[in-house]
Every structure is written in C-alpha cells, then in structure tokens.
Amino acid sequence: MFMNPFPSKRAPVYADVPDEKWYDWRWQLSNRLNTVEEFERVLRLTDSERKALSQKGLFRVDVTPYFVSLIDPDDPDDPIRKQVIPREEEIVPFTGMMEDSLAEDQHSPVPGLVHRYPDRVLMLVTTQCASYCRYCTRSRIVGDPSATFSRSEFELQLDYLRHTPQVRDVLLSGGDPLTLAPRLLEELLQKLREIPHIEIIRIGTRVPVFLPMRITEELCTMLEKYHPLWMNIHVNHPNEITKELAEACDRLSRAGIPLGNQSVLLAGINDCVHVQRKLVHDLVRIRVRPYYLYQCDLVEGAGHFRTPVAKGIEIIEGLRGHTSGYAVPTYVVDAPGGGGKIPVMPNYLISMSDHKIVLRNYEGYITTYEEPLDYKPHDPKTCVYCRNKRPEPGQKGITALLDGEEMFIKPEGFDQLHRRGGGIHRLRADPTKWKPLGIGQGNDEVEPKNE
Ligand SMILES: *Cc1c(COP(=O)(O)O)cnc(C)c1O
C-alpha cells in the first residue's frame, strides 16, 4: 500500500498521550476541542477566530485532537484550519443565504428522509459528527444533540421505505452515520437489508478523515455483512491524506467497500487546479475514486467559502485529459430550492449539424466527427429490458413517447400503497412541519387511473 510510513504528527500538547489513548476513537471524541482556551494550547488563534469562538449561537464547533494536529500552527491560512475553526465572517450572514437551501425539508415524506430522485433516498440518521465543517450544508439541523433522530423516527423512515418499492438505493447520511452507536448502526443496516427492493446501501461519512481510528477491523467486519455497501468519504485538501486515513481506507477496501470521495470547492482552501490535481492523485493512490466536487451551497455563515462557478469549470478543465479519467470527479451544483445535483462541465462540443459535429480536446485541438448516415436504432419493441424496465412512477419513458404510445407503468406495490388509504402522507409524523410531496417530487405524482 502507498503511503509514507510515518504516522501524522501530533500537536506538542498531546506528546505525552499514550498510544492506547491516541488511537482510541472514544478518547479522541471525548477530548475534542471547542473553546478558545483549548485551541490556544495547540495554535495561536487570530483575532477573527477568537471573536467567532466567543460568539454565542454560532454553529457548533468541535475538532478531534487528531485532526487539529494536522494544522500548521504558524499558518493562519492553513487549509485544514479554515475548514474547522470559525472566523468572524461566519457571524455575518451574506445576502441570498437560505436556511434549507436545498429544500430538503420539503422533499421529506417522513422526518429525516429526503426523497427527491425516483429510485434513491437520502436518509438522515443522526445530527452528530466527529468534527464540524464550517461550511456544513445541513448546519440548520447538524450539531444539535436535541434534534437528533429517535427510534420511532427510524421506524417511520423504514416503514416508508418498505412501502416505496421504487427505492433501490438508500444513502445514509446526517450528521455522520459512523458516529452512531455501533449497535444502532448495525440494527439500521440489518433492517434496511431485510427490505427486498433495496439493492444498494451507501454511507456518506467524514469519520475516516476526522477520526480514522474509528475504522476498526471490528467495524469493517460488521459492515461487510451488509453488502453491497458503498461509501463516500469527504476529503478537501491533500493535507488530510495521512497514513492513518490511508490505513482506514485500506481496511474498508479490504472489506469490499468501494470508496468514493465528495469534496466541496472552497475559497482559499482548494480553489486551485494544482491543489485539486494533487488531491485527486493522492486519493486514487489510496484507492478512493473522486466522485463529486460540489459547488458550495447557499448556507448561512458560509458565504466566505463560495467561489464563482467558473472556478469549478476551470478545475475540471485542468483535470480532464490531463490526468487519469478515474481521478476526475463530476463537478455539480446542488440546485437551490431542491432541483437536485446539476453537473456543470467545460464545453467540448463546439457545434453540431445533421451529419457532422465539431469537437475540441483538452489541449484546445479542434476536430470533426462524421455522423453515420445509416444508423439503425435498437428496437424497444423486441428489447426485453425496455419492456421490463424498472418502472418510474408517472414517467412514460422516452421510448414510449418516441413511439407515440400512451404507456403507463405503475410501480410494483403502487396499488397496495394506495389501498392503505392516504398513501405515504399517512406516515408523516408532524404534518405542520413536514410538507407533503408535491407534483413531480417523489412517488405520488401519479394520478390514479381508472382500470
Ligand atoms: C445527493 C443525493 C442523492 C444521491 O445522488 P447521486 O447522484 O446518486 O449520488 C440522493 N438523494 C438526495 C436528496 C441527494 O441530495
């Protein structure tokens, strides 16, 4: 396995902590830093940081001793420092910020479950994290221990999934699912696995980055019982890729879990094609595939992290073709108001006519491609996959539309769902807080048809 053989340095204040404690995730969690005094023992705070840390009502601060030790204490612009230590800019909300910028709450049929796409759901299982990112897209709920999810809410989430057969992919997020009590996490995975139509389970987590010691052999042995299980971690800067992270990823990979990375484009942290190239190269060396690069969301207190979208396009332009295709993430803007993730990329298609297209390559070289004159398309009438395709509610299917056919496919289980009376709305826990799904959202856009 790639990696320098040395464990990452510890801040001098931790020099005397015995290894048994340092490598114990419980010790790391209970010794997290959150006050001016605690941070001052590790680095010299700037006036701006001191002011923000003294501010009441700020989004929760907590940093593991492991992660804070990766900061260069003499560099006020250290890229790790800026991700986890608040600065005074955070106190000033910028215009245009939104509390729930992705309208996740409006797409929640039950608390904590966001059903925006036809075949997959986002399941928020906790509000707790190992450390807190200053640009957190869910700072409206994350960090607040009183707002975390209860067993009865998990049951509502599971009940919705049991009755929503078009969901084949469940994405556990939060908060950070790997901060859940191990027994509770396993119970959730077990119950999800009992639902036959759920094909894959994904975990989105920053625990390997903030708290790599949590990725024990024991945890991996538990996780591998619930395959197919995929995982996305969250690394923004090459300085986060330590021997400890590499080993944690190696344990996860050896448990058969494919690893991806989701990073956020952050001003002054990774808004540079050279930083990004080093980041993606170091990621693929530890067998983590860059998955998404996110444009920073419109979140209160995170305005100072935002970059123009052109910066993201420039970064992708500097990666695609210049390096391994495996190392190039998809740059996405998560649409404010709840439109979902929209990929944005440099334009390589210059023009198109009925028989010819004009393209450019990554070096700016221009080329043309002749379209075929005798294309015989695949026949959806004889194609078994077209006929048996997994139904999407209310969607006629491109092939049916092209054929001018009035085709209507009901998802498996749709009738039972509606026979239960009230369908999914019946499952909502608090009707004043959780709005019903609207047209074009989730699974209830289908007009019941006369049969
Ligand atoms: C990101 C996201 C998903 C997963 O999207 P993929 O593009 O499949 O990774 C699912 N649901 C919600 C609400 C999301 O925000």
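**Entry 1: a buried asparagine**

I started with N270, which counts as buried at 0% relative accessibility. My cut-offs for that: buried is under 20% relative accessible area, exposed is over 50%, and partly exposed lies in between, with a 1.4 Å probe and protein chains only. N270 sits in the loop between β6 (259–264) and α12 (273–285). I take helices (H or I, at least four residues) and strands (E, at least two) as DSSP runs, numbered from the N terminus.

What does the side chain of N270 reach at 2.9 Å? I found the backbone oxygen of V264 there. Leaving out residues up to four places away in sequence, N270 touches N236, V264, L265, V275, Q276 and I315. Contact here means heavy atoms within 4.5 Å.

**Entry 2: ground rules**

I reminded myself that this is a predicted model, where local features need pLDDT of at least 70 and side-chain atom pairs count only at pLDDT 80 or more, while totals for chains, interfaces and linings use all residues. Residues are numbered from 1 along each chain as its sequence is written, and side-chain values use heavy atoms, with hydrogens and water left out.

**Entry 3: the whole chain**

I noted 16 helices and 12 strands in the protein chain. Of its 451 residues, 50% are buried. Among contacts between residues at least 6 apart in sequence, 73% join residues at least 24 apart. The chain exposes about 21800 Å², and carbon and sulfur atoms supply 53% of that; the areas come from the Shrake-Rupley method with a 1.4 Å probe, and for residues only the protein chains shown count as cover.

**Entry 4: salt bridges**

How many salt bridges does the structure hold? I have 32 on record, each being a side-chain nitrogen of Lys or Arg within 4 Å of a carboxyl oxygen of Asp or Glu.

I looked at R140 and E104, whose side chains meet at 3.1 Å, N to O. R140 lies in the loop between β2 (120–124) and α7 (151–162) and E104 in the loop between α6 (81–84) and β1 (113–114), so this pair ties together parts that are 36 residues apart in sequence. Both ends are tucked away: R140 is buried at 18% relative accessibility, and E104 is buried at 3%.

Next came E199 and R168, a salt bridge at 3.1 Å, N to O. E199 is in the loop between α8 (182–193) and β4 (200–204), R168 in the loop between α7 and β3 (169–173), 31 residues apart. E199 is partly exposed, at 38% relative accessible area.

Then I checked K225 and E186, which meet at 2.8 Å, N to O. K225 is in the loop between α10 (217–223) and β5 (229–233) and E186 is in helix α8, so the pair joins parts 39 residues apart in sequence. Is K225 buried or exposed? K225 counts as exposed at 55% relative accessibility, whereas E186 is buried at 19%. I also noted a network, with R151, E155, D159, R162, E187 and K191 joined by salt bridges that share partners.

**Entry 5: an open sheet**

Last, I followed three strands that form an open, antiparallel sheet in the order β10-β11-β12. Its edge strands, β10 (349–352) and β12 (366–370), each pair on one side only; pairing needs at least two DSSP bridges between two strands. Strand β11 (residues 356–360) pairs with β12 over five bridges, in the antiparallel sense. One of my spot checks was L359, whose bridge partner in β12 is T367.

Note on methods
A polar contact is a pair of N or O atoms within 3.5 Å; within protein, one must be able to donate a hydrogen and the other to accept it, and residues adjacent in sequence count only if both atoms are side-chain atoms.
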